[in-house]
Every structure is written in C-alpha cells, then in structure tokens.
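I opened this notebook to record what I looked up in one protein structure. My entries follow the order in which I consulted the model.

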Amino acid sequence: MHKIPVTIITGFLGAGKTTLIRNLLQNQEGRKIAVLVNEFGEVGIDGDLLRSCQVCDEEEDPNNNIVELTNGCLCCTVQEEFYPTMQKLLERRDHLDSIVIETSGLALPKPLIQSFRWPEIRNGATVDGVVTVVDSHALATGTLVGDLDALEEQRKADPNLDHETPIEELFEDQLACADLVLLTKTDLVDDSGLQQVQNWLKQEVSPAVKQVSCHQGQIDSEVLLGFNAAVEDNLDSRPSHHDHEEEHEHDDRINSVEIVCDRAFDPKQLTQTLQQFVQNHEIYRIKGFVQVPNKPMRLVLQGVGNRFDTFYDRPWNTDEPRQTRLVFIGRDLERQPIDSLLHSLN
C-alpha cells in the first residue's frame, strides 16, 4: 500500500493559510486532495471557506466531520481527534493523491509531525513537506504579526496547544520546520521593504529553504506539493526550542463569541465600526460571513488586529439562510457589547 504524501501548512493567524489552500483546491489539476483544518473558535469559518470553493456533496456519514467535495476533495475540522480523523482518511488512501493540513495559527508544527511516527499513521502517510506562510507586511513593519501581545494571549488559551512560549520562539520553530517559506501580503510592501524581509529570513532558515512570494494565495500547486522530504524521518535537522519542554497550563480567560443574525450590513460601515471597536477591547481575531444589502454574493470578512480584509466568495445557496455569521476571538469577551455594537449600525 502506498503512503499518502501530507503537506503541512503552518504560520500565524492572518498570514493567509486558508486563502492559500482555497486557491489550491480551485486549481488542483486533477488531484484528489484531502484538507484537514485546525482552527480556534466556535464557528467553522475556515472549513466553510474551503468547502465553498466547490459545491459540496452531502456527507456520507452525518456523524463525522468529513465532507467530500464534488471535485474529489475532502474537508475536515480537526480539534482533539487528529488520530481518528487520519484513520478515516487512510482507509480511503487508494482514492486520494495527497493530504493538506492547515495547522492552528498558534501551533508548534513539530509535535504534529512527530505524530506521523506512530505506526498506525506511519504505515499509510508521510509528511511530504512543510510550508510556512509569513506575513511580509508585518515583518516589514518590525513585528511578526499585527498584534504580538494579543497573539501570545490567544496562543496560551488554545486547549489544543501543549506549550507556552514567547511568540518569537514560536515563529522560529515554524521557520525551522519549513521546506518552503511563502511570503504573503507582498503587495503591501515596497521593493526595499521586501528585500529587507527576505534578507532577514535568510538568516533564520536553512540555505536549502527557498522563499517564494505569493499574492492572494495564487501559486502553482507544483510549488506546494511534491517535496518528497519524509519530514518525520529527519526531525533532528529541524531543531525546536521546545523539544524537551513540559506541558504548561493555559489561560482560560481567552474565549470566542459567535454572532448569528439575519441583518444585512454595509461592508464599509461594518469594517470601520469593527476597527474602532477593537481599539477599546482585547480582540485578537474577527472572521466570518456577512449578508450585504442587495447582493446575491456572500461577503467574507477577516480581521487581525486593526487590519480587515473582505471579499465575495460565492453566491448564497437557495437552501441556506442569508445570515451574518461572525466569530470574535479575544480575552474576557462578552456577547452584550458586541450585540449592541451591531444593533447600532443602520
């Protein structure tokens, strides 16, 4: 039985991992790809975004999270059930060409790779390569992500993570595991700033690791797949700050608030209001879908720090409610102020 090649996509929240994978599914050149998504929050926004790139078939088994797409892709939401999910996929490996795993934006990649040494997984899958997605705009402005302090607080709270560590070390671990560094948001950086980012990264990664610029997740699938690195077999060459670190407790004050309503919103007004709101509240991430007046398309909204992006991903389906569905991730969040904020918009 052949081993399925697995590509792991890592990088901080907001770097562009989901956009990258969505583009891959839309341009997979006949491959049958399974996608596993590990995200923080109550609403499966990332998984829904991936599924929306094609029309989904109904689930074969309504009791599991595996959704098969009409183009042969599978999408899964993975929280604490990585092993059983992988087992389900391995049962179908004769019908798959590859697996792509999008890690949590706060995850250390090495523990995930080590799980591929388990005999039950090792016999059926291999880590083909690790792609680390880097926000070049954040690096060019002297940070690793839009709001480092907020990101660190959220990282501590994610129950699926095993370590507390400075954000700088987490970033170094993501780079240390990389077979490829993918630079996103390059359109927000001038040539001089981009060159500085590239020069800095050269000092942080192995000389064999290439850097590739990517706009809006648009990159040839041949660049992302086919490294043949068998990463689980050479982890010693990818040192981590936390190879021998014990587990720490997590901050349970980090929470998420889900808002679902039938109202439609003007995108510009909503974005400006949310930008003001995050200035006065400890909010790390906002993401979801928005109903826009007189628009047949669903608007995707994603916010990291004070930076918000919006785009229309697909028409509303005839059998789904046209609802605004947002998830706010932050510290000590309460529903009432968020409800009041949205109700205040005309």
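I began with a definition: a residue is buried under 20% relative accessible area, exposed over 50%, and partly exposed in between (1.4 Å probe, protein chains only). I noted that this is a predicted model, in which local features need pLDDT of at least 70, side-chain atom pairs count only at pLDDT 80 or more, and totals for chains, interfaces and linings use all residues. Residues are numbered from 1 along each chain as its sequence is written, and side-chain values use heavy atoms, with hydrogens and water left out.

**Entry 1: Ala-178**

I looked up Ala-178 and found it in the loop between α8 (167-176) and β7 (180-184). Helices (H or I, at least four residues) and strands (E, at least two) are DSSP runs, numbered from the N terminus. Is Ala-178 buried or exposed? Ala-178 counts as buried because its relative accessibility is 6%. Contact means heavy atoms within 4.5 Å. Leaving out residues up to four places away in sequence, I listed Val-130, Thr-132, Val-209 and Arg-238 as touching Ala-178. I also noted that the C-alpha atoms of Ala-178 and Gly-129 are separated by 7.6 Å, although these residues are 49 residues apart along the chain.

**Entry 2: Arg-238**

I then turned to Arg-238, which is placed in the loop between α10 (221-224) and β9 (254-261). Arg-238 has a relative accessible area of 7%, so it is buried. Which side chain is joined to that of Arg-238 by a polar contact? The side chain is that of Asp-179, and the polar contact is 2.8 Å. A polar contact is a pair of N or O atoms within 3.5 Å; within protein, one must be able to donate a hydrogen and the other to accept it, and residues adjacent in sequence count only if both atoms are side-chain atoms. Not counting residues up to four places away in sequence, Arg-238 touches several residues, including Lys-110, Val-130, Cys-177 and Ala-229.

**Entry 3: the loop between α10 and β9**

In this loop I also found Asn-228 and Ala-230. Phi of Asn-228 is near 55 degrees, a positive value in a residue other than glycine. Phi of Ala-230 is likewise positive, near 45 degrees. Asn-228 is exposed, with a relative accessible area of 67%, whereas Ala-230 is partly exposed at 23%.

**Entry 4: the nonpolar cores**

A nonpolar core is a set of buried Ala, Val, Leu, Ile, Met, Phe, Trp, Tyr and Cys residues joined through side-chain atoms within 4.5 Å. The largest nonpolar core has 23 residues, and among those touching the most other members I noted Ile-8, Phe-82 and Ile-101. The elements giving two or more residues to this core include β1 (4-10), α3 (82-90) and β5 (98-102). The largest share, 4 residues, comes from α3. Another core, of 22 residues, lies apart from it and has Ile-286 and Leu-333 among its members.

**Entry 5: helix α12**

In helix α12 (residues 335-343), I recorded Ile-338, Leu-341 and Leu-342 as the buried residues. Seen down the axis of α12, they fall within an arc of 95 degrees (taken from the directions from the helix axis to the C-beta atoms), so they line one face of the helix. The face turned away from this buried side carries the exposed residues Gln-336 and His-343.

**Entry 6: the whole protein**

Finally, I counted 12 helices and 13 strands in the protein. Of its 346 residues, 53% are buried.
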